[in-house]
Amino acid sequence: MRSIGLLLRRIPPLRPYAPLPRRVLASRHHHAAQLVVARPNSSAASLIRAQQQRAFRTSSPQRQGRHQPADGDDGSSSSSSSSIMASDAESGGAWGAWQVQPSRFTQRVVDAMKRLYPEELADRSWDNVGLLVGSADGANSSTKVLVTNDLTYQVAMDAIEQGVAVIVSYHPFIFSGLKSITHKDPQQTTLLRLVQAGIAVYCPHTAIDAAPKGLNTWLADIVSGPHQSDRSVAIPCAAAPESHSPAGYGAIGRFDPKKPVPLAEILKRLAEKLGGLRHIMIASPVGADVKTTEVRSFGVCAGSGYDVLKSADVDLLVTGETSHHSALRAIQQGRTLVQVFHSNSERGYLNEVLRPQLETELRRTVPEAQVVLSHNDKDPFRILDVSELS
C-alpha cells in the first residue's frame with residue numbers, strides 16, 4: 001500500500017485542456033498523411049490531394065493567368081495536364097513529376113541548333129554541350145531567344161528584362177557536377193534566378209567550332225580577306241555526320257606561295273572584324289619586323305586554341321588566348337602568334353552568323369520567333385592605358 005501511495009503522489013495533477021503545440025500537431029498530421037498513403041482511396045486522401053492541387057494552381061505561373069499559347073498552341077497541353085492532376089487529386093489517383101511536360105518552344109530551339117550544329121561535332125571528352133537547363137511547358141510563354149558568348153548573372157538579368165524563353169550560351173553554363181544549388185556560388189545564384197523565371201539554357205560550344213561553316217571557318221575567312229587560300233582542318237572530327245562533313249577543330253589556310261599576304265594587313269582586318277579592337281597581342285620571332293613580315297600560311301582556332309594548332313606547319317597562328325610558354329615555343333619555331341583575347345575571337349560570329357541562322361530556322365515552325373543578342377555580354381578583360389589614370 002505504501003508503494004502504491006508513493007506512485008499516486010508521483011502522478012501529476014490533471015490540468016485544464018489546452019491546445020497542443022504546433023510542432024506536435026504538425027507531427028501528428030505527418031503521421032496521418034503517412035497513413036493516408038496506405039489508403040489512397042480514402043476520403044482523407046482525396047481531400048489532401050485536392051488541397052495540394054489547389055496550391056499547385058495558385059503557385060504555378062500558368063495558373064495565375066500569365067500563360068499565353070505559342071506557335072499554334074491552344075493551351076490544351078497545359079490545361080489538359082492540370083485537369084488530369086485535378087481529377088486525380090479528387091479521385092485519389094496517382095500524380096507526380098512525370099506529368100510535367102517540357103517546353104515545346106525550348107525543344108524547337110534545341111532541334112534548330114542541332115540541325116545547324118549537330119552535337120556529334122562537339123568534343124565530349126571534356127566539353128559539356130546540349131540543353132543544360134530545361135523549362136516546363138507553360139512556364140514561359142515567350143518565343144524569344146537570347147544569344148550570348150558567356151552566361152553571367154548580368155546576362156541572365158538582361159534575358160529576364162528582354163522577356164526571353166531560352167538562352168543560347170556559346171560557352172557551357174555548367175561544366176562539372178553540382179552537389180547542391182545555393183546562393184553561395186555566383187553560377188548557382190544565376191541558375192536559380194533563371195529557373196525561377198522559367199528560362200532554359202542551351203550550350204553548343206565545340207559543336208560550333210567544328211562545323212564546316214562554323215566559328216573557325218569564319219575566323220579563317222577574316223584572316224584571308226580578299227585573298228584565296230586552300231583550306232583544311234587542324235584536327236578532323238571523326239564523328240561528324242555526312243550532312244556536316246568534312247568537319248574538325250581549327251582551320252588551316254595556305255595562300256599562293258608566290259603571293260604572300262602582309263602581316264600588317266591581316267592584323268588590321270582582324271582588329272576591324274572582331275569588334276573594332278584597339279589592341280592586339282603579338283609574339284614574333286626575335287628580329288622580325290611586324291611591318292615587313294609576310295604570311296604564306298596560317299592556322300586559326302578561337303578561344304584557347306593553341307593546343308589545336310601547335311603541330312600545324314604554318315607561318316601565323318591566330319587564337320583567342322594562350323600561355324606564356326606556348327608563345328615562347330611558337331616564336332622559337334619561327335612562327336608569329338597573335339591573340340585577341342578569348343571571347344573577342346568568338347563573339348562576332350554569334351552576331352553575324354549564328355543569330356540570323358537560328359532565327360531563320362525557328363521561323364519555319366514558329367513565325368513570330370525572335371533571336372536577340374545580350375546587351376551585357378562582353379570580354380572580362382580590357383587594356384588599360386595607365387596614363388589615363390593621372
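**Sheets, helices and cores**

Colleague: How many bridges join E8 to strand E12?
Modeller: Three, and E8 and E12 (residues 336-339) run antiparallel. Met-281 sits opposite Gln-339 in E12. Strands (E, at least two residues) and helices (H or I, at least four) are DSSP runs, numbered from the N terminus. Two strands pair if DSSP finds at least two bridges between them.

Colleague: What's the ground rule on the model?
Modeller: This is a predicted model, where local features need pLDDT of at least 70 and side-chain atom pairs count only at pLDDT 80 or more, while totals for chains, interfaces and linings use all residues. Residues are numbered from 1 along each chain as its sequence is written, and side-chain values use heavy atoms, without hydrogens and water.

Colleague: What's the strand order of the six-stranded sheet?
Modeller: E5-E6-E10-E11-E12-E8, open, with mixed pairing. E5 (230-236) and E8 (281-283) are the edges; each has a single partner strand, so one side of each lacks a neighbour in the sheet. Twist averages 20° from one strand to the next. Angles run from 0 to 180 degrees between N-to-C directions, with axes fitted to C-alpha atoms, for helices over the stretch in contact.

Colleague: Which strands does H12 lie across?
Modeller: H12 (residues 324-332) lies across E8, E11 and E12, at about 145° to E12. Contact means heavy atoms within 4.5 Å.

Colleague: Switching to helix pairs. At what angle do H9 and H13 cross?
Modeller: Roughly 100°, with the axes of H9 and H13 (residues 344-362) coming within 10 Å. H9 and H13 are therefore roughly perpendicular (65 to 115 degrees; under 35 is roughly parallel, over 145 roughly antiparallel, the rest oblique).

Colleague: Which H9 residues meet H13?
Modeller: Leu-215, Trp-218 and Leu-219. On the H13 side, the partners include Tyr-349, Glu-352 and Val-353.

Colleague: And the cores. Which residues touch the most other members of the largest one?
Modeller: Tyr-117 and Leu-358, out of 59 residues. A nonpolar core is a set of buried Ala, Val, Leu, Ile, Met, Phe, Trp, Tyr and Cys residues joined through side-chain atoms within 4.5 Å. Buried means under 20% relative accessible area, exposed over 50%, partly exposed in between (1.4 Å probe, protein chains only). Among the residues Tyr-117 touches are Ala-207, Tyr-349 and Leu-354. A second, separate core of 17 residues includes Val-133 and Cys-203.

Colleague: Where does Val-133 stand?
Modeller: Opposite Val-201 in E4. E1 and E4 (residues 200-203) pair antiparallel over three bridges.

Methods
Lists of a residue's contacts leave out its neighbours within four places in sequence.
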